[in-house]
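Biologist: Could you take me through the sheets in this one? Please begin with whatever term I need in order to follow the strand pairing.

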Amino acid sequence: MTEISKVEIQIAEDKNKIVLQNKAKELLQNKAVDIIIGYGEGTDNTVHAVFITNPDNTSELIYDERCLQNLAVYLLKAEVRKFTKIGIIANIAVMRTILQLASENQLKEEKIVIIGITADGSLKEFSGFNELQEYIQLNNLDISKEDQEILNRLDSMTAEERWNYWTEQFSRCNKCYACRAACPLCYCNRCQVEYNQPQIITPESTTQGNFEWHFMRAMHLAGRCIECGECGRACSVNIPVHLLTFKMSQTVKNTFGITAGTDAKLGSVMSTFKPDDKENFIQ
Amino acid sequence: MRVDKIIEEAPFIKTFHLKFIDEEQGNKFTFKTGQFAEYSAFGEGESTFCIASSPTTTDHIECTFRYAGKVTTALAMKAEGDIIGFRGPYGNCFPIHEWKGKNLLFVAGGIALPPMRSVIQNCLGFRDDYKKITILYGAKTADDLVYKDELRNWEERTDIDLITTVDPGRETPAWKGKVGFVPKILQDIEPSAENTVAIVCGPPIMIKYSFAVLDKLGFDDKNVYTTLENRMKCGFGKCGRCNVGKIFVCKDGPVFTYKQLKELPMEY
Amino acid sequence: MDITRHLISKEKLSSLIGKCMEDGKKVYAPVKKNNLVNFAFISSFQEITNDYINTVQSAKPVLFPKAEKLMEIKMSKDNIELKSRDKNLISETIVYGSRPCDATGINILNKMFTAGITDQLFAERFAKTTLISVSCKKCDSKCFCTSMGINPGNTDGSDILLTEVENGNYLVEIMTDKGQKIISSYQSYFDKAPDINKDKYLVDVPVAFELKGFDEKIKDAFDSPIWLEQSMRCIGCGSCAYACPTCACFDIQDSFNGQEGQRKRNWDSCGFSMFTLHSSGHNPREVQSKRWRQRILHKFQYMPEQFQLFGCTGCGRCSRSCPTDMNIKEHLINLIKNI
């Protein structure tokens with residue numbers, strides 16, 4: 001990359017940042033939103049989520065390739081939900097999450113203002129879920145090449161090899177539940193692992209307990225995971241838990257032809273029954 | 001411990017009379033009024049209840065509990081003769097010896113009578129040490145009152161003034177006691193603060209309003225006692241669950257004066 | 001006892017650790033695997049890495065395991081049999097490669113577990129554990145040990161502290177009887193210490209904030225809106241508590257298969273939403289901001305009141321583990337400035 005094009009990119013990024021900050025300021029000043037969830041500078045050249053209610057603080061907002069956290073995880077947080085209208089900086093992962101949450105009746109269209117960011121970093125406003133759906137049809141959220149390679153490798157293993165791989169990975173699991181906390185689709189007020197009548201999942205960090213947790217979580221996300229990869233990124237001991245849910249997503253896609261986060265009226269893949277379903281055991 | 005006797009006190013509330021399997025251990029066991037223990041339904045877990053009998057009862061101990069969750073439901077399914085686990089006594093106690101020569105005012109709501117009942121029985125065991133004893137006890141309905149036999153006994157005694165109440169609108173035609181929430185009835189009876197110690201146990205909201213009434217009546221917050229009912233697991237200050245400010249409810253409580261509570265953050 | 005000094009070469013250190021393992025001691029040391037450095041039981045010195053500023057998880061599992069058996073329970077028709085743990089199953093263990101901040105953390109854990117009633121399980125493990133720490137030549141921006149009153153060469157809490165000096169040699173400082181036992185048992189590995197200034201070989205960790213008086217100042221901040229502001233991005237996982245060398249909250253559970261099973265204690269965290277939930281449904285800390293406040297106040301106000309020490313060593317593990325950049329150093333600076 002030449003020096004000039006690096007500079008060009010920087011100028012474009014700076015321009016986009018100003019556009020974003022101005023739009024955020026405008027929305028807050030006009031009371032079109034009460035709060036904006038976006039990204040701001042964090043420590044050590046990372047970014048973290050920011051929650052802006054004062055138009056003067058919109059200068060904190062940034063957007064660049066470091067902005068990977070799926071901000072939609074905050075949409076259902078008690079402290080955020082109490083605001084009447086929520087603006088959210090939305091990349092593809094956030095957009096798909098919003099559609100999936102809407103299809104699960106967790107989000108009303110009137111409550112959200114979607115401040116979209118396109119692949120080239122520029123701002124795109126969306127008037128509602130229909131426009132969002134159209135955009136998603138044309139723009140995929142692809143999983144990374146590295147992840148796909150590991151998935152292919154896992155596919156080619158024998159069942160025993162795969163078991164050993166995951167036993168080794170889960171041996172580090174502490175049951176900190178960062179994977180659950182970071183996932184925007186894990187919004188149950190009381191997670192299955194927090195029930196003890198009956199106690200289906202062993203809560204402690206042991207081989208059995210760890211397998212039970214991760215398998216159950218992957219099953220509960222079948223047909224719901226939008227492949228943002230936050231769970232794997234959040235894991236402090238580098239367990240690639242996102243591969244489990246990615247595999248689930250791919251399996252659901254191949255078997256039922258459904259992709260999560262593409263339609264605000266999708267319904268639940270694993271619990272919707274139609275007369276024309278290909279399985280005939282129910283007839 | 002072996003379950004010696006089971007009493008169905010009220011809907012979802014049971015009392016167990018427990019005896020040590022090892023008699024010698026039982027003979028050596030002592031506790032002070034206000035202390036609690038951890039009761040095990042092996043295979044399910046442990047639950048925290050106060051010891052509801054008085055230390056003056058020496059041949060068995062009693063606990064009264066509402067069954068709501070996994071462990072309490074498992075305990076509630078035990079039959080007479082079954083074995084349960086017992087770990088205790090833990091916590092601090094009511095300083096009943098400091099109350100000698102004073103009037104005692106007991107204010108309790110619902111399932112909170114058990115910790116109070118231990119201290120009432122203990123004081124009644126030394127009745128002459130205390131002056132006037134007043135007991136104000138309320139529950140949602142007449143059915144929800146616990147220790148119904150004991151209440152009848154206290155009513156008949158001339159040396160106790162017992163007032164019972166049920167929630168407004170929940171009285172039955174046969175109900176002869178008062179009608180109204182406990183703090184309201186407390187206000188109505190206007191107990192004198194002079195030389196009186198008040199002990200208040202109940203749900204957080206009942207305590208809050210009762211304290212306000214006692215304040216207005218001029219009670220010194222050093223003379224008002226209560227118990228905190230935080231979630232506890234280990235019972236002796238190690239697991240961290242009942243940490244409120246610089247204290248652990250299990251170790252430094254559960255008995256506190258209103259004055260001590262004022263110094264703690266409101267996290268109970 | 002007074003601190004005594006020796007010298008050991010890298011080769012002799014490797015042999016020493018090997019000999020300890022041969023003599024039946026288990027060694028818990030930093031190992032690099034899966035792109036991170038974490039403590040693990042090793043079988044050869046070569047497995048140990050020194051390519052780390054600090055390990056991801058602390059050494060606390062060796063004294064306070066993630067899931068620990070309290071007793072075995074066997075139920076039959078008329079009887080319940082309880083079997084206590086066998087403390088002979090605990091091996092003599094050497095923790096190698098802990099940092100001075102880890103050693104301080106273990107000191108703090110020891111204070112917590114032995115105050116009032118002594119926690120027997122912790123005490124048994126502690127009695128059989130020797131800490132050979134290694135002082136720090138590097139730090140990162142998340143380290144703040146010097147703000148917590150310790151430093152990269154601090155000896156408190158370690159039985160032996162190694163500092164790499166010239167020519168691949170290590171200065172050996174011995175602080176305790178446990179440490180002295182290692183020297184006496186393996187005397188031939190150690191040489192006379194040179195007369196050197198240890199500080200030359202340590203990294204300089206800039207002080208980030210003034211801690212003095214913080215525990216007093218923070219007493220008035222209970223109802224401050226700052227807790228909500230700081231914790232908006234916290235997602236309520238347990239990463240910080242589990243990585244922390246001084247966090248030790250636990251849950252007690254019965255784990256059964258039919259009529260037999262165990263009573264266990266497992267790690268828990270005050271950051272989880274159900275930690276303080278009553279069976280009535282009432283929850284004193286029902287929102288994340290109250291749980292964040294508890295984390296800070298417990299470590300920086302309540303523990304000084306209970307034990308006259310802060311519940312934090314400045315190791316920075318919580319900040320490194322956090323998925324949402326809840327950098328405790330930055331939050332503390334912010335608190336000290338604004339309350």
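Modeller: Two strands count as paired if DSSP finds at least two bridges between them. Please note that this is a predicted model.

Biologist: Then start with chain C: which residue is the bridge partner of A29(C) in β3(C)?

Modeller: The partner is A40(C). Strand β2(C), residues 26-33, is joined to β3(C) by 7 bridges, and the two run antiparallel.

Biologist: What is the strand order of the open sheet in chain C?

Modeller: The order is β3-β2-β6-β7-β8-β9-β1-β10, which makes 8 strands with mixed pairing. At the edges are β3(C) (36-42) and β10(C) (191-192), each of which pairs on one side only.

Biologist: And which strands does helix α2(C) lie across?

Modeller: Helix α2(C), residues 100-114, lies across β6(C), β7(C) and β8(C), and runs at about 150° to β7(C). Helix α4(C), residues 177-185, also packs on the sheet, with β1(C) and β9(C) among the strands it touches. The direction of α4(C) makes about 130° with that of β9(C).

Biologist: Switching to chain B: how many strands form the open sheet there?

Modeller: There are 7, in the order β10-β9-β8-β7-β11-β12-β15, and the pairing is mixed. The edge strands are β10(B) (178-179) and β15(B) (255-257).

Biologist: In what sense do β7(B) and β11(B) pair, parallel or antiparallel?

Modeller: They pair in the parallel sense, over 6 bridges. Within this pair, L105(B) stands opposite A198(B).

Biologist: What about the helix across them?

Modeller: Helix α3(B), residues 113-124, lies across β7(B), β8(B) and β11(B), at about 155° to β7(B).

Note on methods. Residues numbered from 1 in each chain as written. Chains lettered and ligands numbered in written order. Predicted model: local features only at pLDDT ≥ 70, side-chain atom pairs only at ≥ 80, totals over all residues. Heavy atoms only, no water. Helix = DSSP H or I, 4+ residues; strand = E, 2+ residues; numbered from the N terminus. Contact = heavy atoms within 4.5 Å. Axes fitted to C-alpha atoms, helices over the stretch in contact; angles between N-to-C directions.
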